[in-house]
4 protein chains.
Amino acid sequence: MKKIQFADQKQEFNKRPSKIGRRSLSRSISQSSTDSYSSAASYTDSSDDETSPRDKQQKNSKGNGDFCIKNIKQADFGRREIEIAEQEMPALMALRKRAQGEKPLAGAKVVGCTHITAQTAVLMETLSALGAQCRWAACNIYSTQNEVAAALAEGGFSVFAWKGESEDDFWWCIDRCVNVEGWQPNMILDDGGDLTHWIYKKYPNMFKKIKGIVEESVTGVHRLYQLSKAGKLCVPAMNVNDSVTKQKFDNLYCCRESILDGLKRTTDVMFGGKQVVVCGYGEVGKGCCAALKAMGSIVYVTEIDPICALQACMDGFRLVKLNEVIRQVDIVITCTGNKNVVVREYLDRMKNGCIVCNMGHSNTEIDVASLRTPELTWERVRSQVDHVIWPDGKRIVLLAEGRLLNLSCSTVPTFVLSITATTQALALIELYNAPEGRYKQDVYLLPKKMGKRWRGGKSRCDSMSMWPAYICLHSTHISQS
Amino acid sequence: MKKIQFADQKQEFNKRPSKIGRRSLSRSISQSSTDSYSSAASYTDSSDDETSPRDKQQKNSKGNGDFCIKNIKQADFGRREIEIAEQEMPALMALRKRAQGEKPLAGAKVVGCTHITAQTAVLMETLSALGAQCRWAACNIYSTQNEVAAALAEGGFSVFAWKGESEDDFWWCIDRCVNVEGWQPNMILDDGGDLTHWIYKKYPNMFKKIKGIVEESVTGVHRLYQLSKAGKLCVPAMNVNDSVTKQKFDNLYCCRESILDGLKRTTDVMFGGKQVVVCGYGEVGKGCCAALKAMGSIVYVTEIDPICALQACMDGFRLVKLNEVIRQVDIVITCTGNKNVVVREYLDRMKNGCIVCNMGHSNTEIDVASLRTPELTWERVRSQVDHVIWPDGKRIVLLAEGRLLNLSCSTVPTFVLSITATTQALALIELYNAPEGRYKQDVYLLPKKMGKRWRGGKSRCDSMSMWPAYICLHSTHISQS
Amino acid sequence: MKKIQFADQKQEFNKRPSKIGRRSLSRSISQSSTDSYSSAASYTDSSDDETSPRDKQQKNSKGNGDFCIKNIKQADFGRREIEIAEQEMPALMALRKRAQGEKPLAGAKVVGCTHITAQTAVLMETLSALGAQCRWAACNIYSTQNEVAAALAEGGFSVFAWKGESEDDFWWCIDRCVNVEGWQPNMILDDGGDLTHWIYKKYPNMFKKIKGIVEESVTGVHRLYQLSKAGKLCVPAMNVNDSVTKQKFDNLYCCRESILDGLKRTTDVMFGGKQVVVCGYGEVGKGCCAALKAMGSIVYVTEIDPICALQACMDGFRLVKLNEVIRQVDIVITCTGNKNVVVREYLDRMKNGCIVCNMGHSNTEIDVASLRTPELTWERVRSQVDHVIWPDGKRIVLLAEGRLLNLSCSTVPTFVLSITATTQALALIELYNAPEGRYKQDVYLLPKKMGKRWRGGKSRCDSMSMWPAYICLHSTHISQS
Amino acid sequence: MKKIQFADQKQEFNKRPSKIGRRSLSRSISQSSTDSYSSAASYTDSSDDETSPRDKQQKNSKGNGDFCIKNIKQADFGRREIEIAEQEMPALMALRKRAQGEKPLAGAKVVGCTHITAQTAVLMETLSALGAQCRWAACNIYSTQNEVAAALAEGGFSVFAWKGESEDDFWWCIDRCVNVEGWQPNMILDDGGDLTHWIYKKYPNMFKKIKGIVEESVTGVHRLYQLSKAGKLCVPAMNVNDSVTKQKFDNLYCCRESILDGLKRTTDVMFGGKQVVVCGYGEVGKGCCAALKAMGSIVYVTEIDPICALQACMDGFRLVKLNEVIRQVDIVITCTGNKNVVVREYLDRMKNGCIVCNMGHSNTEIDVASLRTPELTWERVRSQVDHVIWPDGKRIVLLAEGRLLNLSCSTVPTFVLSITATTQALALIELYNAPEGRYKQDVYLLPKKMGKRWRGGKSRCDSMSMWPAYICLHSTHISQS
């Protein structure tokens, strides 16, 4: 029944381009990460029995059975994954250590709905160390790392998630998180807005006890702003997505590395001496250009925004129209955020062997549809790599069918995820501890100053939105050298 | 009488730290530019008679005498200076060409008060080409390039300015610009707010005809916001100082070059292999670090803002406390905007030969006062270079007595000034052409969209604040290649 | 019988460290390239029958059966591999086009023994286009790409090679190349010296007709110098290994990219902000340092050679003793060429999570043996990635068990192989066309000037050793833009 | 009489292009260094009396009068110059400290003929500290820093040199160095070969006691090789000019900085966004390209040597023919070592305002003569800066009339001179201590291993040619951090 009730909505949700943004940093759905730790674990799943987790009765070693996951026996393997992740999440570990005495989340009952990965586990265990109780579901039906879920369940967390949930399972899991006897959440941590949505639909009264919502995704934030505009937002919400640190890491710093990684893993191309055109000089474009320039590529930039164009120019990149260089370049990279930047006309004029890929925010920058015509032959030469062959034998090398290269063909470093996770933790702390009336029923960015309760005035850095960075730096650099 | 009336005010004005900001890009007051074109001209002044311009009667070759300058005979030399400047002001020249047919400033009567330099002349002649009438005074008693003023006068501009004005001269010149029979300004272009202030005090009724004020400096903008707050601003004003292009050019791009230039001209130091600590990683610090890193220096950064610290870190600079590296570095550069960053304690611990300089926004980052003690010997070894010698013979090399290195020991490229001048021109066009009511009696940043009148809908780039950049790029790069 | 005769020798050969050098650029043995084109092909092998190629009778589509390979039916797949490789071998393709009219190898009978890969196929087909007849065996029992061998056989080449040859097969294949009725080689192209060795042992009289040997590997060149010293070299030989272009590409340019690629594929580490120590600042170290610096790492260098140390210093890297930074670095990279650079003492002091890898010329730079003690636990977390765990829980991440990271965990771009292949082709042309007496029975580097016969005086660039570079540039850059 | 005897020779000498090389690192003749320490001193000369030093009788404070200089009273000022220089000559100071106990030059009687600058003084005082006696003359009639000569004389050195010697004075000074009663040199340190030449001509018997010659300049080394070829070299000689460290510093590292410095001081041009073509990608071109790229210029390279071209390409610079880009570039820099690289045809096609300068090894790369035609107007706008104006008003900006920019318009860092001076000192030590017969009557590069006597086996770095680098690093970096 639930299934029918929410199916449309879910489908509609899947169509939104922002869905891509939401999923963006999930390592587990990266198709290229087939040799990652997680997939190693996932592989063992295939030898698992096919019984639905909902039909199994499992308990952890302490006899606790308040969870629903694939296989509790994978807990050890999951624990190692978590330990590995901890090493690249210094900010979160520092926060755990620093705030552990004060327990700023004592009494907090957090219900969460995010990707269930090793990185999330580090976040959850941090929240727990700071005093919170947690119940958790997955925000994506494919992205759960089963072994991590097992380790969390073994550690006493009420987790309801597995890889390959059905639509019905998805909502069932969320419901199991919130619909509990004798336990009512007072904080929401959401990624995509499904959990928030569910509570609105099914348990609106719960909001009376809820102190706030922390939301990470573009989509979820968008929903919250709509609710707020419509006067329907009934608790304060924190928009984590638009924090400076997150933006810089997700775009500039992350793409500077993933453009190289994505191209190498798919094509083994040598960068030195190659001519490359990068379409768009926003943060993503800046990262791509800097990396390729450093590797010895000759980089051209197209840009219609004059401020960005000026920056490209002052950074030493020659500004061109795509038109001018399309015949001579070896690699074409789109990161404009616009549609149909690379159209069939340009594809027709590229030279033999030209590599075409997209680093932008959608899969419409390259007009891939225009290549699906009878006179062109498609050849899949590797996972994520297609050769499109013209009648005269010319081939272009299309990566990830025009979808995001860095998500499809690269991995997201744990360090990047660490920034977001730390920001989420701080947002929970802030909302939970804020004095009555500090936050209205509106959407907020992280405030410049943290509340006093947990901060204790000890630090000279009292800008909350800066904490993740500070903590991160502190632990990796200042204190260790 | 006027003299007495305004002296206090002027003095007070001179004390403000923001005065430095206001003067910041004036090439003519740079003490290091003693071999610049302008100074060549200025040199000939010394052989001039000492009669005050106010006491001389001069006419240009067409018989026009509505100006007051040092010596009309220098016009030819000034003309060459202007022609040279034109070559590095592509944006302004492009605007001149592009808008000349439409004459978007037809009917405009602009009274201006800025540094009178070759770059300003290019601006004034552009305004004239676009249809405006101009009367002009200097915003600084020392910064006028006499030969440029002569060329302007010869070209028919009513200029009232010379190098070495007295306080009284200063206000007299401004008054001569506005207090004319049969001519009343309808636009103000100000740099520092003195002109605006004068009209407020003396001719408040003029504001009835004035369509707006364009103000460039930090100080002047500050005054405008105060007027606005007090409800006393009676026309719209444009804040040019805070446009993105100006900020990027004045700080990041300009400092990236001037840190090297300033250090070389004063010390001839070799950058390769030197250990340098840069205090502060804002735009100025980013520019300094990038330049020195590229020259082979080993660069450390101190930073208390965690976001900036994180950026330094991700850009590959080791974050330190000044404390940790002060004994080993060869060069110390401050650009924090704070006071007493380099205090005596640090100066005491520097190694022999360490170079200390300031690129920040004031002259208080290095505690120079603390070095004026009996046990230390000061030796002036070059213009702008002092050796401070400890009893044990250790010397540190202090540049510009802790004032801004890039203003004292380097020059500001015309190209940078070009960006500001173009923005000023666009701001005048916008305010002059804006439909009634578009702008209230408030301070505005440049709007995202230009008014239609002069734009004519021809360009696909209709973001006004982006025009300077666009025009600049267009002419230097896109169209020429 | 042959088997017994040569077994010792082969084994001894395998023990030499230079064997690693010899194999160095073979993509097919890279364990990380499991998703490469070649491995895709190799995968289909597993479904092949297990009959030895020696026991099969195969013919190509023209009825020719003078070859011995795994499966002629894979020819189409192999052809595609070759076509893909052609796109990244512009120098060779340009040489093919340029010299095709002159046929500088008309009459040449080349017997070759190299890795049989798509890149080699492009070389062989180029030699053929220039007029040569070729017979070919593999220089390594594992490195043959069966589908490429099939495409060559289908194209009429006499190839004797398959993946997974036995020792006996290895020598049998070489023998089949040289021991033919009615065909006697007059040129040798060798990689490792096994083919040369075989002819010396079995058919010494053949040298009467042989005009020269072209040898690529460190090992083979070493053998030739020994022969020469002993007065036993009976034909001229060209040492391709030590040409400038090969050295620059194999080391500086290749490592600049493969250090990033190798680290990312194995650890997904984020480079930005990481502290890295690179041991050794030769060409390999220079490449590693430049790449990591560009990605935002903070890089330290250890170096005992003062000239290299000075270069590191002038390039902006802080020189340290390993000792000073070992506790704080996140990544340790060796490329000194020495033994025991990273010893147990250092490993004991590294911080938790430190990544340790080797880019140098042997597998002895990291004292891996010292880690095989009872108190340490080894955990294989991925292919090529081991966690070594101390009793207190500290883990270090050891890559490729201390073997060469770029060979084990990265791929070699075709473009790099292209440089070597072009040099080999030019060396063959030079030796084959040199006038009687130009080359004695000695080992030569490529001469500065090419013989006239094939050059035809058309080019203004007559330095032969520079041809590969010139041709390469010509086709990728000058002519296409 | 002497005057007549040697005049021709001297004149001829002046015509040689290598003269430029010889003078290359003399700061005192840099026309741009008019505000340097030295010139400050020189300025005071103008107020000096005009009596020739040869006609004055001066004594130092200890009563010693065995010298001939401008004015002994300037000694204090000269001492400060020397102390300042010491700070940027760490290698030499380290050598002084290290070898002082052993006195490896005890008994050495060194006659020297070099530029008399602060840097030379540091060298001379080092030689003295190591046990040598020194007598010194100037190798150039203009380059002597009088105040430094005074400080040396005051310190007891027999110096014969002043700024503005006549031809006759020049040889008289040299003669005074060698022609002394009761003192005969056993070592020669020469820069240009004039001293060596003089002894050959006048006192050939002196060579019986001379253990060796150390020569720095291209010219002098050339003369020595000619002598050697002719069988006339009668003592061993060390070629310091071709040591690796000297080459790297004089070219790559020095030009990387001086290209920026030279352009800024002359034109104040902003580098960011400028299009630049660099002709030639040798060490000088590499330095120029790296620096300009880092400042945000868009850099093109022309190169005919394929190896260098390939390096340019792999370093990310677009290879072009000058032809292709001459209309669009803002700056043209030559560093090919060839003649007529930039000919009139190209100059005719440059755009208005294009800056043209030369960093190569002669003044013939730009065909300046072709610009001296009636239709073109020359305008000297600053020292070293000419505007050449075409009939249509187009101007090009020609720097230093096509002579070396870095010598004419920049300064040479003391640090660079330090490398050479240290090498000279080591060469003296080696030749003086070498066992009988180690060096024949030939020209040598610095040997890989130092003789044992002074080395004492204490250092682990026993490669002599590497010492300067090692010592330099040691003192600036390793030991201070």
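At what angle do helix 11 (residues 244-267) of chain C and helix 17 (residues 414-433) of chain C pack, and how far apart are their axes? Keep that in mind as you go through the close-ups below, which come from a predicted model.

**View 1. Two helices of chain C, packed together.** Want to find the spot where they meet? From helix 11 of chain C, look for Thr245(C), Lys246(C), Phe249(C), Asp250(C) and Cys254(C). Facing them from helix 17 of chain C are Val416(C), Ile419(C), Thr420(C) and Thr423(C). Sort the residues of this contact by class and you get four nonpolar, three polar and two charged.

**View 2. Helix 11 and helix 17 again, now in chain B.** In chain B, the axes of helix 11 (residues 244-267) and helix 17 (residues 414-433) come within 9 Å and cross at roughly 175°. So helix 11 of chain B is roughly antiparallel to helix 17 of chain B. On the helix 11 side of chain B you'll see Thr245(B), Lys246(B), Phe249(B), Asp250(B) and Cys254(B). These meet Val416(B), Ile419(B), Thr420(B) and Thr423(B), which belong to helix 17 of chain B. The class tally for this contact in chain B is four nonpolar, three polar and two charged.

**View 3. The open sheet of chain A.** Seven strands make up this open sheet, and they pair in parallel. Read across the sheet of chain A and the order is 3-2-1-4-5-6-15. Which strands sit at the edges? They are strand 3 (158-160) and strand 15 (443-444) of chain A, each of which pairs on one side only. Zoom in on strand 4 (residues 187-190) and strand 5 (residues 212-215) of chain A, and you'll find four bridges holding a parallel pair. As an example, Asp190(A) has Glu215(A), in strand 5 of chain A, as its bridge partner. Helix 6 (residues 118-129) of chain A packs on the sheet, where it touches strand 1 (109-114) and strand 2 (133-138) of chain A. The direction of helix 6 makes about 160° with that of strand 2 of chain A.

**View 4. The open sheet of chain B.** Chain B has an open sheet of seven strands with parallel pairing, in the order 3-2-1-4-5-6-15. Its edge strands are strand 3 (158-160) and strand 15 (443-444) of chain B, and each pairs on one side only. This time, look at strand 5 (residues 212-215) and strand 6 (residues 237-239) of chain B, which run parallel and are joined by three bridges. Val214(B) finds its bridge partner in strand 6 of chain B: Met238(B). Packed on the sheet is helix 8 (residues 167-178) of chain B, touching strand 1 (109-114), strand 2 (133-138) and strand 3 of chain B. The direction of helix 8 makes about 170° with that of strand 2 of chain B.

**View 5. Where chain A touches chain C.** In this contact, 32 residues of chain A meet 33 residues of chain C. On the chain A side, the elements that give two or more residues are helix 11 (244-267), strand 12 (377-382) and helix 17 (414-433). Which of them gives the most? That's helix 11 of chain A, with seven residues. By class, the chain A side has twelve nonpolar, eleven polar and nine charged residues.

**View 6. Where chain D touches chain A.** Eleven residues from chain D and eleven residues from chain A take part here. The chain D side divides into three nonpolar, five polar and three charged residues. To superpose chain D on chain A, you need a rotation of 179° with 0.0 Å of shift along its axis, and the RMSD is 0.1 Å. Since 100% of the interface residues of chain D are also interface residues in chain A, the copies meet through the same surface.

**View 7. The two domains of chain A.** Domain 1 of chain A comes in two stretches, 58-246 and 412-476, while domain 2 covers 252-409. The C-alpha centres of these two domains of chain A lie 36 Å apart.

Key: Residues numbered from 1 in each chain as written. Chains lettered and ligands numbered in written order. Predicted model: local features only at pLDDT ≥ 70, side-chain atom pairs only at ≥ 80, totals over all residues. Contact = placed C-beta atoms within 7 Å. Nonpolar A, V, L, I, M, F, W, Y, C, P; charged D, E, K, R; others polar. Pairing = 2+ DSSP bridges. Axes fitted to C-alpha atoms, helices over the stretch in contact; angles between N-to-C directions. Domains from an automatic or database assignment. Least-squares fit on C-alpha atoms with pLDDT ≥ 70 in both. Parallel < 35°, antiparallel > 145°, perpendicular 65-115°, else oblique.
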